[in-house]
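Reader: I am new to this structure. Please walk me through how to read it, one feature at a time.

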Amino acid sequence: MAKTSSSGGGAPNQRQLRLGELIRRRLSELLQRGEIHDPELSRMMITVGEVRCSPDLSVATAFILPLGGDKKEEALLALRKSRHEIRREVAKVLSIKFAPEIRFEIDDTFDRMDATRALFERADVKADLAAPDAPEGESTEADKDNDA
């Protein structure tokens with residue numbers, strides 16, 4: 001009997017993770033060595049942070065960021081323009097029947113990390129983190145009920 005999977009966005013399975021990592025490594029090599037025949041891409045240093053694959057392995061989304069974080073849209077447009085050549089080059093190293101369609105998105109992980117760091121620096125958040133829930137050695141009413 002076949003498994004039924006929900007489209008609820010669960011954790012990726014082992015095949016998705018493995019294929020995503022293979023694609024990420026190959027994309028990084030292609031961009032680092034300048035193997036894509038596009039003068040715009042050869043002028044840029046682009047980091048491939050992560051590649052996520054769809055459950056059916058038909059679509060791979062590569063999260064990229066140009067070195068320094070500037071010219072994001074220019075890099076995205078250049079990669080999207082060369083996506084067919086990139087897919088062909090990536091497919092050469094994959095051992096699957098059909099190469100996934102590769103989509104490119106800007107990696108906002110560093111922006112989210114900066115926002116989280118700024119949040120932890122706020123005075124009200126620091127006060128909440130520093131305030132103890134209950135003094136050491138004292139138990140709450142709920143703990144006393146559980147002991148009985």
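**Reading the sheet, the core and the loops**

Author: Start with the sheet. Three strands, in the order β1-β2-β3, form an open sheet with mixed pairing. Helices (DSSP runs of H or I, at least four residues) and strands (runs of E, at least two) are numbered from the N terminus. Two strands pair if DSSP finds at least two bridges between them. This is a predicted model, in which local features need pLDDT of at least 70, side-chain atom pairs count only at pLDDT 80 or more, and totals for chains, interfaces and linings use all residues. Residues are numbered from 1 along each chain as its sequence is written, and side-chain values use heavy atoms, without hydrogens and water.

Reader: Which strands stand at the edges?

Author: β1 and β3 (101-106) do. Each has a single partner strand, so one side of each lacks a neighbour in the sheet. From one strand to the next, the twist averages 30 degrees. Such angles run from 0 to 180 degrees between N-to-C directions, with axes fitted to C-alpha atoms, for helices over the stretch in contact.

Reader: How many bridges join β1 to β2?

Author: Seven, and the two strands run antiparallel. In this pair, R52 stands opposite T61 in β2, and V48 has I64 of β2 as its bridge partner.

Reader: How many residues has the largest nonpolar core?

Author: A nonpolar core is a set of buried Ala, Val, Leu, Ile, Met, Phe, Trp, Tyr and Cys residues joined through side-chain atoms within 4.5 Å. The largest one here has 25 residues, and I23, L27 and F104 have the most contacts inside it. At least two residues come from each of α1 (14-33), β1, β2, α3, α4 (83-91) and β3. The largest share, five residues, is supplied by α1.

Reader: Which residues is L27 in contact with?

Author: Contact means heavy atoms within 4.5 Å. Leaving aside neighbours within four places in sequence, L27 touches V48, V51, A62, I86, V90 and F104.

Reader: Which residues of α4 are buried?

Author: First the rule. An α-helix has 3.6 residues a turn, so residues three or four places apart point the same way. In α4, the buried residues are E85, I86, E89 and V90. They lie on the same side of α4 because they cover an arc of only 130 degrees around the axis. The arc is that of the directions from the helix axis to the C-beta atoms. The buried residues of α4 pack against α1, α3 and β3. H84 and R88, on the other side of α4, are exposed.

Reader: Which residue has a positive phi in the hairpin of β1 and β2?

Author: L57 does, near 60 degrees, in a hairpin with five residues between the strands. L57 is not a glycine. The loop that holds L57 runs between β1 (46-53) and β2 (59-66). L57 is buried, at 11% relative accessible area. K71 also has a positive phi of about 60 degrees without being a glycine. K71 sits in the loop between β2 and α3 (72-81). K71 is exposed, with 51% relative accessibility.

Technical notes:
Buried means under 20% relative accessible area, exposed over 50%, partly exposed in between (1.4 Å probe, protein chains only).
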